[in-house]
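Subject: A structure for you to look at

Hi there,

Here is the structure I promised to pass on. Please open it beside this message and follow along as you read.

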Amino acid sequence: QVQLVESGGGLVQAGGSLRLSCEASLRTFSNYAMGWFRQAPGKEREFVAAISRRGASRYYADSVKGRFTISRDNAKSTVYLQMNSLKPEDTAVYHCAADSRGPSTSAAITQSRTFDYWGQGTQVTVSS
């Protein structure tokens, strides 16, 4: 059974940092591109960042570019999201996701329908 478990969320002041982790129980983690999406109350789920199977390619939403960094450790079956200079508008539930059907195009990897496994999410709240 595939499980993605996020951790690292919490409450932080604007300008602060958080590091999210997502540990995956996938048979061969390096066969999966990984992504982070977020959903704020009353809003649709939106793409945040994604990383290719070996980590050679990384993709970011314009709203987080320069502030967030996605990385992965295939030996630990874990993907990370380092979030710096956080803003109140970053407040959301953050979900990690795994894409088993790749490699995906740079356009496809920003779409939630590309990913077939999802975690339950971790809450990030940024106070002003």
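A disulfide is a pair of cysteine sulfur atoms within 2.5 Å. Before we use that, a word on the source: this is a predicted model, in which local features need pLDDT of at least 70, side-chain atom pairs count only at pLDDT 80 or more, and totals for chains, interfaces and linings use all residues. Residues are numbered from 1 along each chain as its sequence is written, and side-chain values use heavy atoms, with hydrogens and water left out.

Now to the cysteines. The structure holds 1 disulfide, and it joins cysteine 22 to cysteine 96, with an S to S distance of 1.9 Å. Cysteine 22 sits in strand β3 and cysteine 96 in strand β9, so the bond links distant parts of the chain, 74 residues apart. Strands (E, at least two residues) and helices (H or I, at least four) are DSSP runs, numbered from the N terminus. The torsion about the S-S bond is about 40°, so this disulfide is right-handed.

How accessible are the two partners? Cysteine 22 is buried at 0% relative accessibility, and cysteine 96 is buried at 0% as well. Buried means under 20% relative accessible area, exposed means over 50%, and partly exposed is in between (1.4 Å probe, protein chains only).

Next, the nonpolar core, a set of buried Ala, Val, Leu, Ile, Met, Phe, Trp, Tyr and Cys residues joined through side-chain atoms within 4.5 Å. The largest one has 37 residues, and those with the most contacts inside it are Met34, Trp36, Val79, Leu81, Met83 and Tyr94. Among the elements that give two or more residues to this core are β3 (18-24), β4 (33-39), β8 (78-83) and β9 (92-99). In soluble globular proteins, nonpolar side chains tend to be buried together.

Most residues other than glycine have a negative phi. Serine 77 is in the loop between β7 and β8 and is buried, with a relative accessible area of 18%. Serine 85 lies in the loop between β8 and β9 and is partly exposed at 39%.

Last, look at proline 41, in the loop between β4 and β5. Proline 41 is exposed, at 75% relative accessibility.

Best wishes, and enjoy exploring!
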